[in-house]
Amino acid sequence: MASKQPENSLLGPEADSQRTLYPNVTGTSVVALKYKDGILMAADMGGSYGSTLRYKNVERMKAIGKHSLLGASGEISDFQEILRYLDDLILYDNMWDDGNSLGPKEVHNYLTRLMYNRRNKFNPLWNSLVLGGIKNGEKYLGTVSMIGVNFEDDHVATGFGNHLARPILRQEWHENLSFEDGVRLLEKCMRVLLYRDRSAINKLQIAKITEEGMTISQPYSLKTYWEFSAFENPTQGAVGSW
Amino acid sequence: MSSIGTGYDLSVTTFSPDGRVFQIEYAAKAVDNSGTVIGIKCKDGIVMGVEKLIASKMMLPGSNRRIHSVHRHSGMAVAGLAADGRQIVARAKSEATNYQSVYGEPIPVKELAERVASYVHLCTLYWWLRPFGCGIILGGYDRDGPQLYVVEPSGISYRYFGAAIGKGKQAAKTEIEKLNLSEMTCREGVIEVAKIIYKVHDEAKDKAFELEMSWVCDESKQQHQKVPDDLLEEAKAAARNALEEMDAD
């Protein structure tokens, strides 16, 4: 294992310098929904260094094995560590060579255990994860937070997405969305996040996972409209403003 | 060939007067008494096959795997004491994942063979350990192309184009030498390996056997895996036909 925790002195001064206290490079919201053929997930490609939008080519969604897709917000280095754990998991699963493979439900459970156990050691992996996939026709979409809270739903989001995207999805999501409708719905959510989340950037990817496998779009940007009359002279009438 | 090493064969840390370590030679005998294991290096990959002698009719076909994946790109076929083989495979898997973790790339097959060989050799250096009673054929595909290695209980390891260990190794080696491996694809190689194993199988001494084959080639996207079922059936059928033709002569 890469990180050496002095397991026996978790309360000592050396141990404190090894625990995660705050994230450094973070990704913002991930939004995902179930549609007719599988799962659609969207995330932008930004990695913020505090309030600086430092990295603009961060892929925050990755395929896990044959059946799952993982999206993460939060600390990017912790996401990379999680990918390493999952890489080992999938490798050992492949080496059985017995015709079986880990499905999204199993991967979600593994991630929950991982996150919750780290939280109990007061050394969390500072991420909110979205795990979606489809195996043998059964679609699955779940989420795990950095404190180990996990659940599954027809549509999930992390961070700001919970506040801005979920309400839209609650209104407009329905069973058996077509691919085009699903993408349109995700883009609607991502556009609101782009307008209102200051750590969002206008460079996103949409990934889909179906029985055939995972595909991820090339990065693209959404069209935005800033000519709303409410945006003109925004400070007129505001006391103390110029 | 077999000489009794009276007195000098009690411990792996004892040399005989003529410079042999008998315990290691006895370990090699365990390999020679097991079912044949073959590996060949074709143009585009490696094919390995095992003659799994079936102890009981009640065993489920497909159980007791003798070929194990060590990482995505390599696998090992084991001859000899199966439990010893499991230990070596576990160690090889651990070496492979450790290398990947430290160096960020899959372990080169040469490096893996060296590590497995030195682990096997380790157990020939101490009197409180016994040598492994198994021979390993290790096949993998890295950026230097497909490679085939054999590791013996003594800890030596050589690289081969074609190799055979176990009961029928002499007959199998003769057959392999007849093949034109540099022109053969793995698809063709699978058929040839099946034919050889069926041919060297001794119907009189050992009743039933199950054929287990794996490959790592361009067709399998450089991943080590069981030969696909349809190709395996095709190979078995071809092998049975070849045997019948031979008997008909």
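Chain B of this predicted model has an average pLDDT of 93, and 98% of its residues score at least 70. For the complex, the predictor reports an ipTM of 0.88 and a pTM of 0.89.

**Chain A on its own**
- Chain A contains five helices and 13 strands.
- The C-alpha trace of chain A covers about 65 × 50 × 25 Å along its principal axes.

**Where the chains meet**
- On the chain B side, ten residues are in contact with nine residues of chain A.
- About 840 Å² of area is buried between chain B and chain A, and carbon and sulfur atoms give 47% of that area.

**Links across the interface**
- Two salt bridges are found between chain B and chain A.
- To see a salt bridge for yourself, look for B:Arg65 and A:Asp97, whose closest N and O atoms lie 3.7 Å apart.
- Three residue pairs, both residues at pLDDT 80 or more, are in polar contact across the interface of chain B and chain A.

**The chain B side of the interface**
- Strand E3 (67-71), helix H2 (82-103) and strand E10 (225-226) of chain B are the elements that each give two or more residues to the side touching chain A.
- Sorted by class, this side of chain B has five polar residues, four charged residues and one nonpolar residue.

Technical notes. Residues are numbered from 1 along each chain as its sequence is written. Chains are lettered from A and ligands numbered from 1 in the order in which they are written. This is a predicted model: local features need pLDDT of at least 70, side-chain atom pairs count only at pLDDT 80 or more; totals for chains, interfaces and linings use all residues. Side-chain values use heavy atoms; hydrogens and water are left out. Contact means heavy atoms within 4.5 Å. Buried area is the accessible area (1.4 Å probe) that two parts lose on being put together, summed over both. A salt bridge is a side-chain nitrogen of Lys or Arg within 4 Å of a carboxyl oxygen of Asp or Glu. A polar contact is a pair of N or O atoms within 3.5 Å; within protein, one must be able to donate a hydrogen and the other to accept it, and residues adjacent in sequence count only if both atoms are side-chain atoms. Helices (H or I, at least four residues) and strands (E, at least two) are DSSP runs, numbered from the N terminus. Ala, Val, Leu, Ile, Met, Phe, Trp, Tyr, Cys and Pro count as nonpolar, Asp, Glu, Lys and Arg as charged, and the others, Gly among them, as polar. pLDDT is the predictor's confidence in each residue, from 0 to 100.
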